[in-house]
Amino acid sequence: MSEHAGSVPSSMLRSPLHERHVALGATFAEFGGWAMPVSYPTGVLKEHAAVRDAVGIFDVSHLGKATVTGPGAREFVDARLSNDLGRIGAGQAQYTLCLDAATGGIVDDLIVYLHDDEHLLLVPNAANTAEVVARLRAEAPAGITLTDHHRDDAVIAVQGPKSDETLAAAGLPSGHDYMHFVEATLPDGASVVVCRTGYTGERGYELIVRNEQAGALWDHLLAAGAEFGITPAGLGARDTLRTEMGYPLHGQDIGLDTTPNEAGLGWAVGWKKDAFWGRDAVTAEKAAGPRRILRGIVADGRGIPRQHQQVFLSAHVPVGEVTSGTFSPTLKKGIGMALISTVVNPEADVSVDIRGRREVFHLAKPPFVPSSVREA
C-alpha cells in the first residue's frame, strides 16, 4: 500500500535521499523494509515516458550492497553463485543467481561487480541481502570477509537515451560497455562507482556512492540533466519499464519455489562449472525438462493481468498463474508474465481470469518493447 510523505511508518528504513523525495511530493511504499518513492506528482506514465524518450533518475538505495574480500574471494564466490565468473574480468559486472543448495530454487538474483580477484561487490535485492550474506558467510573460509554495506551506500540509477549526455555534463564517466564499471572521483573527493547497468531496458547507468555524498550527487545529476529533460522517477515506473522488458522480479516472477530452468534464466548458469549451489538439482531438472516455464503474455483486448490470476488453456483447463502484470504505457495494452505448464504450445492463446471474466492473451517471448540496453 502506498503512503504519502507524511505518513511513512517510522519502522521503515529510509534512503539517504528520503527528504529530497518528500520535497518533490513523492508517494512512498514499502520495498524490502524500506520506504521508497513509488511516484512523484508527474505520475507513473510521464515518468515511464521520460525514461523511454529522454532520461529518468531513480533512487534505488534499498538494493543490497555487500563486499567479499580476501585471497581467493573470486574463487569462493564462483563456487557458490550460479554464473561463471571466469567469463568476466576486472571492471566488469555479471548477473547471477544465488540458488538453494538442496533444491536449486532461486534465493535471489543479483549483480556481482568484480574489482579484482580479492575484491567483489554484490548487489542483491533488498529483502534478500541478509540471507545471501548469511549463506556466503556460513561457508567463508579463513581469510575471506563478508561485509554488509546495505545501510551505508546509496544507489542512483540514471536511465534513458540521454543518460550519456547527463553523465558527461556532470563530469562523470560515460560511454563504457554494457556491464562494465568505472570508479571515479566526485568534485568533493568522494568515490563513486559508475556502472553500465539498469533495470529498464534503456541505455543507462547505476551509481554507487556513500550515503554522505548521495544528496550532493543527486542534486548534481538533476542540474546536469536539466537540459536533457531529466525526470525523477519512482519504483512504479521502474516496474512498468522492467515488465516491458520481461525482467523477472524476485518475490513475484522468481523465488525459492522457482528454478532457473523454469524462469528461463539458464543463460545465467555456468553449466560447465564443477560447483555452485544447487548444481545437482538444476542439472537433473534441465535434463528431464521443467514442468513449467515463465512466459510473456500480451492482451488481445483491454484486459490487464495481475499477480496470482489463473491462466487457462480452454474454458476449464488451468495451466498456470500470472506472476507479474501491468498496463504497458508503450504498447497501450495489458502485458505480463506467467508460469505456464510446458505442455502448452508456445504459440497458443490462453485466457486469464480477471475478476471473474475471461480475457484472451497471446503468449509472447519478452522483451515486449525493443531494448536499447546493449546498444553501443
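Is D78 buried or exposed? D78 counts as buried, at 18% relative accessibility. Here buried means under 20% relative accessible area, exposed means over 50%, and partly exposed is in between (1.4 Å probe, protein chains only).

## About the model

This is a predicted model, where local features need pLDDT of at least 70, side-chain atom pairs count only at pLDDT 80 or more, and totals for chains, interfaces and linings use all residues. Residues are numbered from 1 along each chain as its sequence is written, and side-chain values use heavy atoms, with hydrogens and water left out.

## Charged pairs

Side chains of opposite charge can pair when their charged atoms come close. A salt bridge here is a side-chain nitrogen of Lys or Arg within 4 Å of a carboxyl oxygen of Asp or Glu. That rule gives 15 salt bridges.

## Links across the sequence

D78 has a salt bridge to K273 (3.3 Å, N to O). D78 sits in helix α3 (residues 73-78) and K273 in the loop between α8 (260-263) and α9 (279-288), so the pair ties together parts 195 residues apart in sequence. K273 is buried too, at 7%. Helices are DSSP runs (H or I, at least four residues), numbered from the N terminus.

R20 and D219 also meet in a salt bridge (2.8 Å, N to O). R20 is in helix α1 (residues 18-23) and D219 in helix α6 (residues 211-225), so this pair ties together parts 199 residues apart in sequence. R20 is partly exposed at 30%, and so is D219 at 36%.

R242 and D239 pair up at 3.0 Å, N to O. Both lie in helix α7 (residues 235-245), 3 residues apart, or about one turn of the helix. R242 is buried at 1%, while D239 is partly exposed at 26%.

Terms used: Helices (H or I, at least four residues) and strands (E, at least two) are DSSP runs, numbered from the N terminus.
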